[in-house]
Structure formats: C-alpha cells, structure tokens
Amino acid sequence: MDSKNLGFLTRQVHAGGSKDALGSAIVPIYQTSTFKFKNADHGAACFSGEEDGYIYTRIANPTIDALERAVANLEKGYRGIATSSGMAAITTAYLTFLGQGKHIVSHNALYGPARGVMESVFSRFGVKYTYVDTTDLESVKKAITPETAMIYTETPANPTIGISDLKKLADIAHGIGVPLVVDNTFCSPYLQRPIELGADIVIHSMTKFINGHADVVAGMIVTSNKEYYDMMKPVMVNMGCNMDPHQAYLVHRGLKTLGIRIDRAQESAVKIAEYLENHPKVEWVKYPGLKSHPQYELAQQQMDGPGTMISFELKGGLDSGKRLMDNVKLILLAVSLGGVESLIQHPASMTHSKISHDKKIEAGITDGLVRLAVGIENVEDIINDINQALEKV
Ligand SMILES: *Cc1c(COP(=O)(O)O)cnc(C)c1O
C-alpha cells in the first residue's frame, strides 16, 4: 500500500503503524532503556550503523520511531525527530545551526520562551538575533547579515495570529543558503504543511493539537531532507532532548483523531469569531477566517482552514481582560491550546510576561489582548459562557 496516495485521515490512523512479530494492532510501549545485542559482532554492527538495530532509548526506540514516521508522513517530510517537549525541538534547531557569531532572523511575535531562551541563554554563547515582523518580508530582508544562519517563524503567530508567507520566506532563506525553520504548532499538518511550501524544518509542540488531550508535554522536528536530519538527530541525542516511550504511545494515540478534532473545533471557532466581532465590548478580533484579518487572502492560500485560535482586544484594556477571565465558568483559564477543552488566557501577563512592555507593544501584544483556544464542546455552550462573562466586563 503506497501511503502517499492515501488521504490525511487515513494516514493519521495508519502511518507509522505496528510491525511487531505478534501482529499488535497498535504500536506497543517498548518501555525499556536499553536493548540486548545478539552477540559482539551484532553490537558492533549496530554502533557502526551497518545494521539498524536498537541500542539505547535516548538514541532510538520502536515506540518513538513509529510516532516519528507518522508525523513525518503527515508533514510530507523526510523523517521526524521526537523530543521531550516543543522547547526541546526548538533548542535542538538553535543548537544545530547557530553558534559563536552566528545570527538568527526571527519573528517578533513568537512563542514566548522561544525568544526568551535566545535572549537569556544563547546570547551568552555569542549568538546574535534580530526580531522582526516576518509577515513583512522587507523587514526580514533588511535584518539579514553575512552571519545569518537561520530564518525562523511561526504562522499563525502566537499570540497575534499574524500570517507569514512561507513560500516567500523560503525563497529569501534559500537565496542566502540557510534553512527556513517553521513552528507549525498552531496549525498541525492537518491545516498547513510548511515543507510543501518550501520550508526546510518543521517544529511542533505536540503538547498541543497532535496529542490533543492536555495530558502530555512533547515535541517533534520534521526535516525536509536527509542532510538536515543527519545534522539534527545527533544534537538531539547528545543533548538528551529525547522523548520517552510512554509519552510517544500517548501522543500517537492522540494523533489518530487529529483531523476530526480540528474539524469540530474549527467549525465552532468560525462562529465564535463572528460572534465576538459583532460584540460591542470587543475592539477587534484576529482570526484567519474573518475577512477583516490583514492576511486573509494569504491564509486562504497557505492553510487548509482558519484553525481554532482566536485573539481579540477588549475595550477597556487590561482590566476588562482580567474581568473576562475571572468570570468564565466553562472555559478554562489556562495557557496551552489544541486540546479538547476550550482555554482562555491573557498573553501580556501570562505567556509573554517575560518580554519587556515596549517589545510586546512592538510585536502587537497589547495589554487587553485575550487569546482563546477553542475546544470541541458544543458551540452554543462556549458562546453562552463568553456572553455571560462579557456582561460582567
Ligand atoms: C507550546 C508551544 C511551544 C512549546 O512547546 P512545549 O511542548 O510546551 O515545550 C512552542 N511553540 C508554540 C507555538 C507553542 O504553542
């Protein structure tokens, strides 16, 4: 069966499937740290790479391999590298391509710690960075220096929901011979496949949509080719950013319903975004499915749907935002996203609190910005909850 010709929902169920001798229907949890060699020659052959045998779980494990194959298949990439968290995937990318004197051009509206670790840790090792709005291609070009070794973006961006043009960013990166790295967490491969658009490396926090049940922290890297895979895999292994087999099993279980969960939540998100846009207490709404989104046309071309993440600004700024969050009853006041339950949070005081006020404003993270991650509950119940909370604002 050539899985390349099968649809997404079929591949999310079957890709990376079990091949064990007992014929297990799902991939078993190989909860082992190490693997027995048949004899000294076999051990030597595994280490030299002549044979693909398993050696040690930090390097590779069958349960983790199956998940890596499945996500790489869905992303249309060469191969996956599973990591302990999304941040481990991001730092593995930084550690592979950056070093003393090297420079990264990155998005100014980024997952908070992806920027925080650059400014607080990588800077100590001589890495240089420039944060620009990657939705504006001219500012990306202007930020490039002879030392630039990576262009990094997130689209839709966290928490501003700005959409960056991946095809054009890939052209810019390839023009200077460096990889384009894309954090695809907000879409998952169901809604966007950056490698098909020219990106070289895709990053996931699988904590979000891919696992989908708010019970595991996990990450994944997918590379477009063998060369990047061979560069990144040893960095992950030697820095000890590996996943655990039990974690891999849970994420793989969640992955099998990815598309249907997103379809369900996305249908609701469209209705909720329209409801918010018409609410008198809401200043503006950012959602790729609304014609008012500044990159609406681009979203239509590069994404297979507008997703489930909505940002909106309440009239009255910070105080209004806090009142809304203190009064929701069904929606959880919590960071994270991509789970079955709806979550609401306030980026300025929560996920992006470590970034200075000026830098936040420059990146569009205003004091009254609220981020809503829509879950799979009945849409009427979610709207009624927002509605009753907005009455108290
Ligand atoms: C959550 C998140 C991360 C970090 O992932 P962890 O699994 O929490 O380490 C990175 N990027 C985006 C866009 C995220 O939402």
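A residue counts as near a molecule or strand if one of its heavy atoms lies within 4 Å of it. With that in hand, let's work through some exercises together. This is a predicted model, so local features need pLDDT of at least 70 and side-chain atom pairs count only at pLDDT 80 or more, while totals for chains, interfaces and linings use all residues. Residues are numbered from 1 along each chain as its sequence is written, and side-chain values use heavy atoms, leaving out hydrogens and water.

**Exercise 1. The ligand**

Find out how many residues surround the ligand, and which are the closest.

*Solution.* Step one: 15 residues surround the ligand, and the closest are Met 87, Asp 183, Ser 205, Thr 207 and Lys 208. Step two: helix α4 (residues 86-97) gives the most to this shell, with 3 residues; helices (H or I, at least four residues) and strands (E, at least two) are DSSP runs, numbered from the N terminus. Step three: look at the polar contacts, pairs of N or O atoms within 3.5 Å. An oxygen atom of the ligand is 2.6 Å from an N or O atom in the side chain of Thr 207, and a polar backbone atom of Met 87 lies 2.8 Å from a ligand oxygen.

**Exercise 2. A residue in a strand**

Decide whether Ile 221 is buried or exposed.

*Solution.* Start with the place: Ile 221 is in strand β7 (residues 219-223). Next, recall the cut-offs: buried means under 20% relative accessible area, exposed over 50%, and partly exposed in between (1.4 Å probe, protein chains only). Ile 221 has 0% relative accessibility, so Ile 221 counts as buried. Finally, check the contacts (heavy atoms within 4.5 Å): leaving aside neighbours within four places in sequence, Ile 221 touches residues including Ile 81, Ala 89, Val 202 and Met 232.

**Exercise 3. Salt bridges**

Work out which parts of the chain the pair Lys 76 and Glu 196 links.

*Solution.* First, the term: a salt bridge is a side-chain nitrogen of Lys or Arg within 4 Å of a carboxyl oxygen of Asp or Glu. Side chains of opposite charge can pair when their charged atoms come close. Lys 76 and Glu 196 meet in such a bridge (3.6 Å, N to O). The pair links distant parts of the chain, 120 residues apart: Lys 76 is in the loop between α3 (62-75) and β1 (79-83), and Glu 196 in the loop between α8 (188-191) and β6 (201-205). To finish, widen the view: Lys 76, Arg 193, Glu 196 and Asp 304 are linked in a network of salt bridges.

Terms used: Polar contact = N/O pair within 3.5 Å; in protein donor to acceptor, adjacent residues only side chain to side chain.
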